Amino acid sequence: MGRLDGKVAFVTGAASGIGAQCALRFAQEGARVAGFDLQKPVDAAAWAAVERAAPAALFTEGVDVRDEARVAATLRAALERFGRCDVLVNA
């Protein structure tokens with residue numbers, strides 16, 4: 001059992017760097033992960049590892065955190081899919 005079993009984590013900046021590593025670690029700890037970024041994952045294998053650890057993982061490209069309407073729509077879609085958000089990482 002992971003420390004985040006049953007939890008849902010939303011991670012901005014999930015395409016690379018700290019955001020990508022947070023998404024992976026949360027998935028490894030049992031969380032369902034929704035990753036958001038302006039670009040697609042820099043390392044496709046890294047996001048594939050998130051999906052292997054958390055098969056229900058969701059990645060949404062084209063999310064600019066400066067665009068409030070786009071962020072709100074993306075969060076609504078993720079909330080519809082997962083039902084809630086327990087962890088939020090703004091990377």
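Mentor: Strand β1, helix α1 (residues 17-28) and strand β2 together make a right-handed β-α-β unit, where right-handed means that, with the strands pointing away from the viewer, the path from the first strand over the helix to the second runs clockwise. Helices (H or I, at least four residues) and strands (E, at least two) are DSSP runs, numbered from the N terminus. What you see is a predicted model, in which local features need pLDDT of at least 70 and side-chain atom pairs count only at pLDDT 80 or more, while totals for chains, interfaces and linings use all residues. Residues are numbered from 1 along each chain as its sequence is written, and side-chain values use heavy atoms, with hydrogens and water left out.

Let us begin with β1 itself, which covers residues 8-12 and is largely enclosed by the rest of the structure, because five of its five residues are buried. Here buried means under 20% relative accessible area, exposed means over 50%, and partly exposed lies in between (1.4 Å probe, protein chains only). Val 8, Phe 10 and Thr 12 point one way from the strand, whereas Ala 9 and Val 11 point the other way, and all of them are buried.

Now look to the neighbours of β1, bearing in mind that two strands pair if DSSP finds at least two bridges between them. Strand β2 (residues 32-37) runs parallel to β1 and is joined to it by five bridges, with Val 11 standing opposite Gly 35. Strand β4 (residues 87-90) pairs with β1 in the parallel sense over four bridges, and here Val 11 stands opposite Val 89.

In one of them, Phe 10 and Phe 36 have ring centres 5.7 Å apart and planes at 90°, so the pair is edge-to-face. Phe 10 lies in β1 and Phe 36 in β2, so this pair ties together parts that are 26 residues apart in sequence. Phe 10 counts as buried at 3% relative accessibility, and Phe 36 is buried with a relative accessible area of 4%.

Phe 36 and Thr 60 are both touched by Thr 74, as is Val 63, not counting residues up to four places away in sequence, where contact means heavy atoms within 4.5 Å. Thr 74 lies in helix α3 (residues 68-82) and, at 5% relative accessibility, counts as buried.

Buried residues make up 38% of the 91 residues in the protein chain. Among the contacts with a separation of 6 or more, 61% are between residues 24 or more positions apart.

Technical notes:
Phe/Tyr/Trp six-rings, centres within 6.5 Å; stacked < 30°, edge-to-face > 60°.
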